[in-house]
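Hi,

Here is the structure I promised to pass on. Have a look at it first, and then read on for what turned up.

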Amino acid sequence: MATLKIKKGDTVRVIAGKDKDKEGKVLAVDAKKGRVIVEGVNMVKKHLKAGRESQEGGIITREGAIDISNVMYVHKGQATRIGFHIDENGKKVRYAKSSNEAID
């Protein structure tokens with residue numbers, strides 16, 4: 001499996017779907033399914049039964065997962081593609097292809 005270019009904590013912009021052009025922080029990444037959960041994007045309603053954790057049941061709204069191909073990394077306010085290269089220390093790092101700057 002290839003290395004994912006989007007990681008937890010990244011700021012991303014949605015480029016397709018009902019929430020197009022919304023930005024948010026990545027809360028979780030599912031590498032096996034190729035999906036991400038982005039803060040404030042793809043809000044879905046979930047019916048909860050009363051249980052031990054929550055004494056009350058009801059309908060809650062939370063973020064749903066979207067495909068990783070529908071999000072793009074935001075670097076300095078601009079959506080950009082991400083690549084990998086080896087730095088001078090021999091470490092593999094991500095970089096923004098639009099500005100050719102290292103991300104982390």
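In which loop does Glu53 lie? Before the answer, one thing to keep in mind: this is a predicted model. Glu53 sits in the loop that runs between strand 4 (43–48) and strand 5 (58–63). Is Glu53 buried or exposed? Its relative accessibility is 79%, and because exposed means over 50%, Glu53 counts as exposed.

Strand 3 (residues 35–38) pairs with strand 6 in the antiparallel sense, over 3 bridges, and here Arg35 is opposite Asp67 of strand 6. Strand 1 (residues 11–14) is antiparallel to strand 2 (residues 23–30), again with 3 bridges; look for Thr11 opposite Lys25 in strand 2. Strand 1 also pairs with strand 7, antiparallel and over 3 bridges, where Val12 has Tyr73 of strand 7 as its bridge partner.

There is also an open sheet of 3 strands, ordered 9-10-11 and paired antiparallel. Its edges are strand 9 (82–86) and strand 11 (101–102), each with a single partner strand, so one side of each is left without a neighbour in the sheet. Strand 10 (residues 92–96) and strand 11 are joined in the antiparallel sense over 2 bridges, with Tyr95 opposite Ala102 of strand 11.

Last, the pockets. What is the volume of the largest pocket? It comes to about 190 Å³. Among the residues lining the largest pocket are Leu4, Lys5, Ile6, Ile68, Met72, Arg81 and Lys97. Tyr73, the bridge partner of Val12, is in that lining too. Strand 7 (residues 71–75) gives the largest share of the lining, 3 residues. Sorted by class, the lining holds 7 nonpolar, 2 polar and 3 charged residues.

Happy browsing!

Key: Residues are numbered from 1 along each chain as its sequence is written. This is a predicted model: local features need pLDDT of at least 70, side-chain atom pairs count only at pLDDT 80 or more; totals for chains, interfaces and linings use all residues. Side-chain values use heavy atoms; hydrogens and water are left out. On a 1 Å grid over the protein atoms alone, a cavity is a set of points where a 1.4 Å probe fits but cannot get out, and a pocket is an open set with protein on both sides within 12 Å along at least five of seven lines; lining residues have an atom within 4 Å of a point. Grid points are joined across faces, edges and corners, and a volume is the space filled by probe spheres set on the points. Helices (H or I, at least four residues) and strands (E, at least two) are DSSP runs, numbered from the N terminus. Ala, Val, Leu, Ile, Met, Phe, Trp, Tyr, Cys and Pro count as nonpolar, Asp, Glu, Lys and Arg as charged, and the others, Gly among them, as polar. Buried means under 20% relative accessible area, exposed over 50%, partly exposed in between (1.4 Å probe, protein chains only). Two strands pair if DSSP finds at least two bridges between them.
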